[in-house]
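Please open the model in your viewer and keep the sequence beside it. The tour below goes from one selection to the next and says what is found at each stop.

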Amino acid sequence: QVQVVESGGGLVQPGGSLRLACAASGRDFSMYAMGWYRQAPGKQREFLASITSSGITNYADSVKGRFTISRDNAKNTVFLQMNSLKPEDTAVYYCRANYGLIYWGQGTQVTVSS
């Protein structure tokens, strides 16, 4: 069983930044792809960014140029640096671990408001 735990959410003003972290248990973290998703009230969960075991990244158009995904394999952690945040970025942010089987974290709330 793989445990996935997100952290780093909170309240931030428009134009501000946050850095989310996702720690995953389990062996061989470096071998697996990781991703970030979000779900706003009344909306479907949407893909934001992913990173492969070799560090190849992919982004949704809505966050390209503002968000950056990275990983620290020594710490079994993936990060999402979020800059130039907008009110429409308000959502619960989820980490997804692809260990062959898919594991989700419990989510962390991000609220962008003045």
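This is a predicted model: local features need pLDDT of at least 70, side-chain atom pairs count only at pLDDT 80 or more; totals for chains, interfaces and linings use all residues.

Does Lys43 count as buried or exposed? Select Lys43, which lies in the loop between S4 and S5: at 60% relative accessibility it counts as exposed, where exposed means over 50% relative accessible area, buried under 20%, and partly exposed in between, with a 1.4 Å probe and protein chains only. Strands, like helices, are DSSP runs numbered from the N terminus, with at least two residues (E) for a strand and at least four (H or I) for a helix.

Residues are numbered from 1 along each chain as its sequence is written, and side-chain values use heavy atoms, with hydrogens and water left out.

**The open sheet**

Next, select S1, S3, S8 and S7, which in that order make up an open sheet of four strands with antiparallel pairing. Its edge strands are S1 (4–7) and S7, each of which pairs on one side only; two strands pair if DSSP finds at least two bridges between them. Going across the sheet, S1 and S3 are joined in the antiparallel sense by four bridges, and Val5 has Ala23 in S3 as its bridge partner. Six bridges then join S3 to S8, with Arg19 opposite Gln81 in S8, and another antiparallel pair, S7 and S8, is likewise joined by six bridges, among them the one in which Arg71 partners Val78 in S8. S7 and S8 form a hairpin with four residues between them, and in its turn Asn76 has a positive phi of about 50 degrees.

Stay with S8 for a moment: five of its six residues are buried, so this strand is largely enclosed by the rest of the structure.

**The nonpolar core**

Now display the side chains of Met34, Trp36, Leu80, Met82 and Tyr93, which have the most contacts inside the largest nonpolar core, a set of 31 residues. Such a core consists of buried Ala, Val, Leu, Ile, Met, Phe, Trp, Tyr and Cys residues joined through side-chain atoms within 4.5 Å. The largest share of this core, five residues, comes from S9. Centre the view on Leu80 and, leaving aside neighbours within four places in sequence, look for its contacts, including Leu18, Trp36, Phe67, Ile69 and Tyr93; contact means heavy atoms within 4.5 Å.

**The disulfide**

Select Cys22 and Cys95, which form a disulfide with their sulfur atoms 2.1 Å apart, the term being used for cysteine sulfur atoms within 2.5 Å. Cys22 lies in strand S3 and Cys95 in strand S9, so the pair ties together parts that are 73 residues apart in sequence. Both cysteines are buried, and the torsion about their S-S bond is about -80 degrees, so the disulfide is left-handed.

**A buried aspartate**

Finish at Asp89, in the loop between S8 and S9, which counts as buried at 1% relative accessibility. Leaving aside neighbours within four places in sequence, Asp89 is in contact with Arg38, Arg66, Phe67, Ser84, Val110 and Val112.
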